[in-house]
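Subject: Structure handover

Hi,

Here is the structure for you to look at. My notes follow below it.

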Amino acid sequence: MIELYLCEMKAISILLFMALVLTSCEDKAKDVEVFNENPQEDLSKLPLNEYAKRHVESSLSILGTEKYGLEIIKGKLDADGKADAIIVVNRKQFAMDEAMKSENPAKSAEMAFMGNYNYIFYYDGGLKLISPPIAIPSSALVPLKVTLASISAESYQDILIDYRIRNANFRDVFTVSNHTPRKVFEWKTFDGLGTDKTEAYTFEYTAGKYGPEKDIILYESTLEKLPANADKNTYEPKVTKTSKVAFHFFYIPQEQKYGMLKNN
């Protein structure tokens, strides 16, 4: 479990944010203590882009010489009405540098530099705090693709994260509960790119049959053939939806995740 905490915050915010935990991520990031050059400095008062940059570099021990990707995606991610954000980080250069130091760099390249090189951070607009890193194990060659959609409720948005594992793409759905991103669903969007055996799905979110949370329906889809000379580990193929429903999922409140609707 992960205790969310940050330095230099008001006492009541410290107690609240440290009490939060991530319970649904299989691959949980370890707590990372945040240090400021000036212990009296309150980073939360900085503009979000600067606050995010300094928090990310401190949390991940990123050196000034490292080139990395950082994207901020804003939205209302919980019911408090405040503007929140997801901070997306990609460390492709770091992954390649680490591979060069390994005993078998070629193998790392063959595996598309898989590992903990893609991260998200959650910025809580109500508390004005940024969480510790949440690692999304995936290929460092392809940054996470994060989109927002209203699935749990119409009044706020949930977090959809697409990531690559070699020639397959997966999607995780996170919802924010008690100031904490919690994974409630995961499935592949396509697999087998560049092979004779492929599968692909188109996601749709419809009115829930058993509660306010939307159902997730996966339609069978066709996958574009890999073009000549294209890299199967990085190419983003076109997915074309068919009319056939492959899977139907609904939210189970007791388990706080999605389950499959049988005999559909």
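Which strands each supply at least two residues of the lining of the largest pocket? They are S8, S9, S10, S11 and S12. Before the details, a word on the source. This is a predicted model, where local features need pLDDT of at least 70, side-chain atom pairs count only at pLDDT 80 or more, and totals for chains, interfaces and linings use all residues. Residues are numbered from 1 along each chain as its sequence is written, and side-chain values use heavy atoms, with hydrogens and water left out.

**The largest pocket**

The largest pocket holds about 370 Å³ of space. Its lining has 18 residues, and those closest to its centre are Lys-145, Asp-162, Asn-169, Phe-190 and Glu-236. S9 gives the most to this lining, with 3 residues. By class, the lining has 9 nonpolar, 4 polar and 5 charged residues.

Some terms. A pocket is an open set of points on a 1 Å grid over the protein atoms alone, with protein on both sides within 12 Å along at least five of seven lines. A cavity is a set of points where a 1.4 Å probe fits but cannot get out. Lining residues have an atom within 4 Å of a point. Grid points are joined across faces, edges and corners, and a volume is the space filled by probe spheres set on the points. Ala, Val, Leu, Ile, Met, Phe, Trp, Tyr, Cys and Pro count as nonpolar, Asp, Glu, Lys and Arg as charged, and the others, Gly among them, as polar.

**The sheet**

An open sheet is formed by 8 strands, in the order S8-S9-S10-S11-S12-S13-S14-S15, with antiparallel pairing. S8 (145-149) and S15 (257-260) stand at the edges; each has a single partner strand, so one side of each is left without a neighbour in the sheet. On average, neighbouring strands of this sheet are turned by 35° against each other, direction ignored. That angle is taken between axes, which are lines fitted to C-alpha atoms; angles run from 0 to 180 degrees between N-to-C directions. Strands are DSSP runs (E, at least two residues), numbered from the N terminus. Two of them pair if DSSP finds at least two bridges between them.

Now strand by strand. S8 pairs with S9 (residues 158-165) over 5 bridges, in the antiparallel sense. Thr-147 stands opposite Leu-160 in S9. S10 (residues 168-177) and S11 run antiparallel and are joined by 9 bridges. Phe-170 faces Lys-188 in S11 across that pairing. S10 and S11 form a hairpin with 2 residues between them, and Asn-178 in the turn has a positive phi of about 50°. S11 (residues 180-191) has 9 of its 12 residues buried, so the strand is largely enclosed by the rest of the structure. Buried means under 20% relative accessible area, exposed over 50%, and partly exposed in between (1.4 Å probe, protein chains only). On to S12 (residues 199-206): 2 bridges join S11 to this strand, again antiparallel. There, Glu-199 is the bridge partner of Asp-191.

**Salt bridges**

The whole structure has 13 salt bridges. A salt bridge is a side-chain nitrogen of Lys or Arg within 4 Å of a carboxyl oxygen of Asp or Glu.

- Glu-236 and Lys-145 meet at 3.7 Å, N to O. The pair links distant parts of the chain, 91 residues apart: Glu-236 is in the loop between S13 (215-223) and S14 (239-252), and Lys-145 is in S8. Glu-236 is exposed at 60% relative accessibility. Lys-145 is partly exposed at 47%.
- Asp-191 and Lys-188 meet at 2.9 Å, N to O. Asp-191 is partly exposed at 21%, whereas Lys-188 is buried at 18%.
- Glu-220 and Lys-244 meet at 3.8 Å, N to O. Glu-220 lies in S13 and Lys-244 in S14, so the pair ties together parts that are 24 residues apart in sequence. Glu-220 is partly exposed at 33%.
- Asp-172, Lys-183 and Glu-186 are linked in a network of salt bridges.

**Cavities**

How many cavities of 30 Å³ or more does a search of the whole structure find? There are 2.

Best wishes

Key: Helices (H or I, at least four residues) and strands (E, at least two) are DSSP runs, numbered from the N terminus.
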